Amino acid sequence: MTTLFIPSPAQGVWHLGPLPLRAYALCIILGIVAAVWIGERRWIARGGKAGEIQDLALWCVPFGIVGGRLYHVITDHDLYFGQGRHAVDALKIWHGGLGIWGAIALGAVGAIIGARVMGLRILPVLDSLAPGVLVAQAIGRFGNYFNQELFGKPTDLPWALEIDAAHRPAGYENVATFHPTFLYESLWCLAAFAVIVLLERRFGLGHGKTLALYALLYTAGRGWIETLRIDPVELHDVGGLRFNVWMSLVVFSLSAAYLVWASVKRPGREDGIYRTQRDATV
């Protein structure tokens with residue numbers, strides 16, 4: 001066992017009388033608040049009206065949570081519908097289990113629907129929201145830390161994460177420290193956020209290029225981080241790779257292709273952010 005390591009938290013749930021406060025849920029909520037706050041500031045800087053991103057969040061957040069849970073349940077359905085399992089557990093989101101791919105996909109659908117209802121142009125909306133989502137993901141990953149889940153392979157590096165025996169997967173019962181993949185992904189997301197902000201200031205990105213850059217940078221990190229993880233998943237060997245690695249490769253390729261195309265065909269930013277001309281202060 002390594003001399004230096006990151007200790008796991010003693011608990012992930014605190015009780016205020018009969019009310020349980022779950023660290024996982026708190027991390028998700030804090031991430032959402034951060035994403036909305038950043039998105040609001042970015043939207044106003046683009047010429048939007050204060051409060052519009054908060055209103056849009058009423059569409060994005062429920063869609064995103066449902067999408068994240070659906071992706072997790074579909075790709076790990078035996079956890080809920082296998083022999084001896086209870087289907088009702090699929091609804092217990094507070095125990096963890098949100099697939100980022102589903103959360104982003106349906107969250108974007110919610111943003112598109114909300115933008116159309118509110119008369120906002122879709123690509124400026126998504127470009128305004130995307131960097132804040134990276135910060136939300138960075139914060140949300142700490143929920144995995146408190147749940148002692150989704151860690152990586154054994155390691156004795158000084159920043160190894162100590163995992164309690166009760167949370168170690170089969171075959172690793174005698175191993176105490178593992179790669180802290182939650183921390184790797186969190187730091188990667190924050191670095192990607194900084195890169196996007198710098199590139200936007202330099203090139204004035206628009207027409208969905210910020211969104212594409214978000215997807216490209218995130219999947220570049222998620223792909224290699226996923227190869228470190230040892231959590232048991234049903235789709236752990238799809239052509240020799242975990243399914244989420246393939247997802248990263250596909251999304252990375254599509255994002256790169258769109259970024260190149262949009263940089264050539266649609267340089268700069270949109271002239272307006274509303275579907276019809278109007279005064280944003282009205």
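At 25% relative accessibility, F146 counts as partly exposed; that label covers the range between buried, under 20% relative accessible area, and exposed, over 50%, with a 1.4 Å probe and protein chains only. W14 is likewise partly exposed, with a relative accessible area of 35%. The model is predicted, so local features need pLDDT of at least 70 and side-chain atom pairs pLDDT 80 or more, while totals for chains, interfaces and linings use all residues. Residues are numbered from 1 along each chain as its sequence is written, and side-chain values use heavy atoms, with hydrogens and water left out.

As for confidence, pLDDT is the predictor's own score for each residue, from 0 to 100. The chain has a mean pLDDT of 92, and 96% of its residues reach 70 or more. Helices here are DSSP runs of H or I with at least four residues, and strands are runs of E with at least two, numbered from the N terminus.

Let me return to the aromatic residues. The structure holds 13 aromatic pairs. Rings of Phe, Tyr and Trp (its six-membered ring) pair if their centres lie within 6.5 Å; planes under 30 degrees apart are stacked, over 60 edge-to-face, and the rest tilted. W14 and F146 form an edge-to-face pair, with 6.0 Å between centres and 70° between planes. Because W14 lies in strand β1 (residues 13-16) and F146 in helix α6, this pair ties together parts that are 132 residues apart in sequence.

Strand β1 runs antiparallel to strand β2 (residues 19-22), and four bridges join them; two strands pair if DSSP finds at least two bridges between them. H15 has P20 in β2 as its bridge partner. The two strands form a hairpin with two residues between them, and G17 in the turn has a positive phi of about 65°.

What is the span of helix α7 (residues 181-203)? The expected span of a helix is 1.5 Å times one less than its number of residues. The 23 residues of α7 should therefore span 33 Å, and the end C-alpha atoms are 32 Å apart, which agrees. G204, which follows α7, has a positive phi near 60°. Buried residues of α7 include T181, F182, Y184, E185 and S186. Among the elements that cover the buried residues of this helix are α1 (23-45), α5 (122-140) and α8 (209-228).

Which residues does E185 contact, beyond its neighbours within four places in sequence? They are Q137, R141, Y218, R222 and I225, where contact means heavy atoms within 4.5 Å. E185 is buried, with a relative accessible area of 3%.

R141 sits in the loop between α5 and α6 and is buried at 13% relative accessibility. Residues up to four places away aside, R141 touches L150, F182, E185, S186, Y218, R222 and R229. An unreviewed UniProt entry places a "binding site" feature at R141; such annotations may be inferred rather than shown by experiment.

The unreviewed UniProt entry also places "transmembrane region" features, including residues 56-74 and 245-264. In the model, residues 56-74 are 100% helix and 0% strand, with end C-alpha atoms 27 Å apart. Residues 245-264 are also 100% helix and 0% strand, with end C-alpha atoms 29 Å apart.
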